[in-house]
Amino acid sequence: MKLPVIKHLTEFIEQNDQDYVIEAVEVLEALTEVPSLKDEELDVIGELISNMYGALEVAKMVKSGTPKKEALNAFMQRVLGSIDK
């Protein structure tokens, strides 16, 4: 996951609507079913999907009142904590 990408997507959600990101995730998930995709291409799609889900999570925290910077940091700490285990 890339924090700058998640931050940018979170700003996109604030300015537009989370439905755009949700629909983009659905499209990317459907693309993973293409049998001719190479592993590298699947990795890129997976990275995009995970960043989009991360941004949706951060946007949800911001909407519930958490300051954006704090929400981003808390999310990344949670991600890093799950990787360490």
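Close-up 1. Phe 12 counts as partly exposed at 32% relative accessibility (buried is under 20% relative accessible area, exposed over 50%, partly exposed in between; 1.4 Å probe, protein chains only). The model is predicted: local features need pLDDT of at least 70 and side-chain atom pairs pLDDT 80 or more, whereas totals for chains, interfaces and linings use all residues. Residues are numbered from 1 along each chain as its sequence is written, and side-chain values use heavy atoms, without hydrogens and water. The structure holds 1 aromatic pair (ring centres of Phe, Tyr or Trp, the last by its six-membered ring, within 6.5 Å; planes under 30 degrees apart are stacked, over 60 edge-to-face, the rest tilted). The rings of Phe 12 and Tyr 20 have centres 6.1 Å apart and planes at 70°, so the pair is edge-to-face.

**Close-up 2. Lys 68 and its two glutamate partners.** Lys 68 forms a salt bridge with Glu 11, the closest N and O atoms lying 3.8 Å apart (a salt bridge is a Lys or Arg side-chain nitrogen within 4 Å of an Asp or Glu carboxyl oxygen). This pair links helix α4, which holds Lys 68, to helix α1, which holds Glu 11, 57 residues apart (helices are DSSP runs of H or I, at least four residues, and strands runs of E, at least two, numbered from the N terminus). A salt bridge also joins the side chains of Lys 68 and Glu 14 (3.3 Å, N to O).

**Close-up 3. Arg 78 and Glu 57.** The side chains of Arg 78 and Glu 57 meet in a salt bridge at 3.7 Å, N to O. Arg 78 belongs to helix α4 and Glu 57 to helix α3, 21 residues apart.
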